[in-house]
Amino acid sequence: MKNQNIVIVSIAVLAGMLLAVWGMFALGDNMPRGVTEFSQTAYDLHMLILWICVVIGVLVFGAMFVSIILHRKSNGVEAAQFTHSTKAEIAWTAIPILILILMAVPATRALILMETSEGAEMDIKITGYQWKWKYEYMDTGVSFISSLAQDSDIARQLNSGIDPTTVDNYLLEVDNALVVPTDTKIRLLLTSGDVIHSWWVPELGWKRDAIPGIVNTAWTSISEPGTYRGQCAELCGKDHGFMPVVVIAKPRAEFEQWLAQQPGYTGSDDVSALAQDTADDMTTSPEVALAD
Amino acid sequence: MSSNTAAAHDHTHDHTHDDHHGAPKGLLRWVFTTNHKDIGTLYLVFSLLMFLIGGGMALIIRAELFQPGLQLVNPEFFNQMTTMHALVMIFGAVMPAFVGLANWMIPMMIGAPDMALPRMNNWSFWILPFAFTMLIGTLFMPSGGPAGGWTLYPPLSLQTGNSFAFVIFAIHMLGISSIMGAINVIATILNMRAPGMTLLRMPLFVWSWLITAFLLIAVMPVLAGAVTMLLTDRFFDTTFFSAAGGGDPVMFQHIFWFFGHPEVYIMILPAFGIISEIIPTFARKPLFGYTAMVYATASIAFLSFIVWAHHMFTVGMPLGAELFFMYATMVIAVPTGVKVFNWVSTMWRGAMTFETPMLFALAFVILFTIGGFSGLMLAIVPADFQYHDTYFVVAHFHYVLVTGAVFAIIAAAYYWLPKWTGNMYNERLGKIHFWWSVISVNVLFFPQHYLGLAGMPRRIPDYAVQFADYNMISSIGGFAFGLAQLLFAFIVWQCARGGVKATAQVWEGAKGLEWTLPSPAPYHTFDEPPKIDDSVVAHGDVAH
């Protein structure tokens, strides 16, 4: 009789919790899958760990709710007095360790992929300033400043009276977007001219800090042409919320055409040659102190 | 020792107050008090006040974020609010609340007449009001309060005006207060236990505070060093954290988080202790795995020293360091899991009742665990490159701090209020407070997970329109949760003024020394050490 109760209540509780979990997933936003190998990896890891946590949560909370329903004084139960179970304690120490190892293996593999920027075909230097980004296409003479688009900037003033929903890409539009070629391994060198910023485009799958006096390295290779938007992610002063990042990925040929039309372009007929020059100057370790 | 003080006591007996009287009258009682119960009350009342002030700041934040566009405050003030909200809540609300509970309960739980160092106890409390007056006062200075986040990362924090010096002085004072409080706790627990109260007979709340106190002593000086270097960088032209002068801004982050991560556990270990007291009481069943709980707490404390860089995975660390800090962080899930499993096992086949303290304790177990799950997700470095500095992190640490630490503190207040005041609180209002809080806090923080995953960075005063819906839901939850805490303040006030008289035992299943004392606990207790036998050991678990 008692065991039968536990089974019935357990099934009801589990069903209720699965419904609640399904509702939360159906309702909410999730991490974007993105357009790079790495963003896909980050997404897969995110979902893997999330589901592991959901399963553990449903089991643990399920046991708790079953206990709350059945083991209450108003049911006239007598409290048991056990305080130990060596078997159970060994199990719930050992099993989590195994699960953690299962998580650590793919995470380690993904991290090694992320931190290997060798073989980059071009370099772009990104410098954060309060509150804009500067992009330099290394060894082409092209560089420009990218800051919040004017219509967003007017609308975001205190009591501007402008409804943000009427502004296109409110707070996520810039005057000069970063244009990059698709299917090209691009190394990004990040630094800052004043305080710490963090360059983040969710569709690319990562963010990395831009720190004064340090050059951080990261890389990306975008598989689909398109416009990808992000924001500064490290508090950098009063207009931290107003320094977006916009990346436009174009097919290689279109990109080269665009690059050649930029002011200051000194010519580089082969994009893949770009990286070779700078690779000698920069080590591939993540942190290199700059003289300036 | 005893013969000397006894002699001195006899000598002054005729013209000073004997310490067997009740509490002295008047306002000066509170200024000069060396009584652990008075000082505990001071800490708790102060902490409630700070909780409401810090909550008011949070509501300014949530009001501005109610819809996109800036309607109420400018970005500078918004940043001051996020910074101050964190400093006030961490150093003003959560930490003093735990110290207040330690003051009230530790002597009564181990059979000691008072804290070991009563005058220092008085001082360590009375530093706080001055420190916070100065800290909050910076908001009214010409250069405004600190706006670089509570983590005070340079170079940004060095752009603060002259008020920065006051902020740092306030942090130094808070550090001194915390260290003195910690010394007092350690000295009391190690020296003043009643005969027979061996270490492994101590209630878990006492154990968790003993371990917390060691964490405090270890890391508060590190924070003091970090902010002192900021002070000299800002005002005396040193360049500890400026690359232009040979320093390193990332070094600050390493030093800060070497303090900051143990600090996180300073705010949660005593909560673990509280929950481990409450669940056995209302399950009418001894705590499952007492010794495992002690070892798990100690393991978590040790691990807290070797995981600090998981707060800074995006600064560009070498691969080896990223891997180490990822693995070390994941390991914390093991002892934390043991605690959760033990709490659930304590409930299993108990005879539970659901008074307000138990309700908050149960909510703690579920919601803190949800915060632990998101913590585990954050440990996975490749995914953290997406989560870092987004609302996902905001949701994570509010689950562990609000539905974790704060819920435990509220549970403790309901649990011990009858012992402190001699009156039962209004159970019906307590239950309303619980349900109102637990629903609104999830409306407040759960949507923030979605916001972070969808790409909303933290610490921004305005946002792109696709984030509007969840922000509005979150703000509505915020206001409802804030209102619920005013009800809590009312319930506490009402209970202090009167009500149904509490018995000594208070709760049917309560065990432990504090429940052998009458309610309210007399001004002086355990002048004679109590006799410790198995019947008064808190968890009835003497066979370990």
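Visitor: In which loop of chain B is Arg349(B) found?

Guide: This is a predicted model, in which local features need pLDDT of at least 70 and side-chain atom pairs count only at pLDDT 80 or more, while totals for chains, interfaces and linings use all residues. Residues are numbered from 1 along each chain as its sequence is written, chains are lettered from A and ligands numbered from 1 in the order in which they are written, and side-chain values use heavy atoms, with hydrogens and water left out. Helices (H or I, at least four residues) and strands (E, at least two) are DSSP runs numbered from the N terminus. On that numbering, Arg349(B) is found in the loop between helix H12 (333–347) and helix H13 (356–379) of chain B.

Visitor: As what does Arg349(B) count at its relative accessibility?

Guide: Phi of Arg349(B) is near 60 degrees, a positive value in a residue other than glycine. Most residues other than glycine have a negative phi, and most peptide bonds are trans. With a 1.4 Å probe and protein chains only, buried means under 20% relative accessible area, exposed over 50%, and partly exposed in between. At 39% relative accessibility, therefore, Arg349(B) counts as partly exposed.

Visitor: Is Val506(B) buried or exposed?

Guide: Val506(B), which lies in the segment after helix H17 (468–497) of chain B, has a positive phi of about 60 degrees although it is not a glycine. Its relative accessible area is 13%, so Val506(B) is buried.

Visitor: Which peptide bond that ends at Pro155(B) is cis?

Guide: In chain A, the bond from Gln130(A) to Trp131(A) is cis, with omega near 0 degrees, and Trp131(A) lies in the loop between E1 and strand E2 (132–137) of chain A. In chain B, Pro155(B) lies in the loop between helix H5 (118–137) and helix H6 (163–191). There the cis bond, again with omega near 0 degrees, runs from Pro154(B) to Pro155(B).

Visitor: How many residues of strand E5 of chain A are buried?

Guide: In a regular strand the side chains alternate between the two faces of the sheet. Ile186(A), Leu188(A), Leu190(A) and Ser192(A) point one way from E5(A), and Arg187(A), Leu189(A) and Thr191(A) the other way, and all are buried. For E5(A), residues 186–192, the count of buried residues is 7 of 7.

Visitor: What area is buried between domain 1 and domain 2 of chain A?

Guide: The domain bounds come from an automatic or database domain assignment, and the C-alpha centres of the two domains of chain A lie 37 Å apart. Taking contact to mean heavy atoms within 4.5 Å, 11 residues of domain 1 of chain A are in contact with 14 residues of domain 2 of chain A. Buried area is the accessible area (1.4 Å probe) that two parts lose on being put together, summed over both. Carbon and sulfur atoms give 59% of the area buried between these domains, which is about 1,000 Å².

Visitor: What area do chain A and chain B bury between them?

Guide: The contact takes 93 residues from chain A and 100 residues from chain B. Of the buried area, 70% is on carbon and sulfur atoms, and the total is about 8,000 Å².
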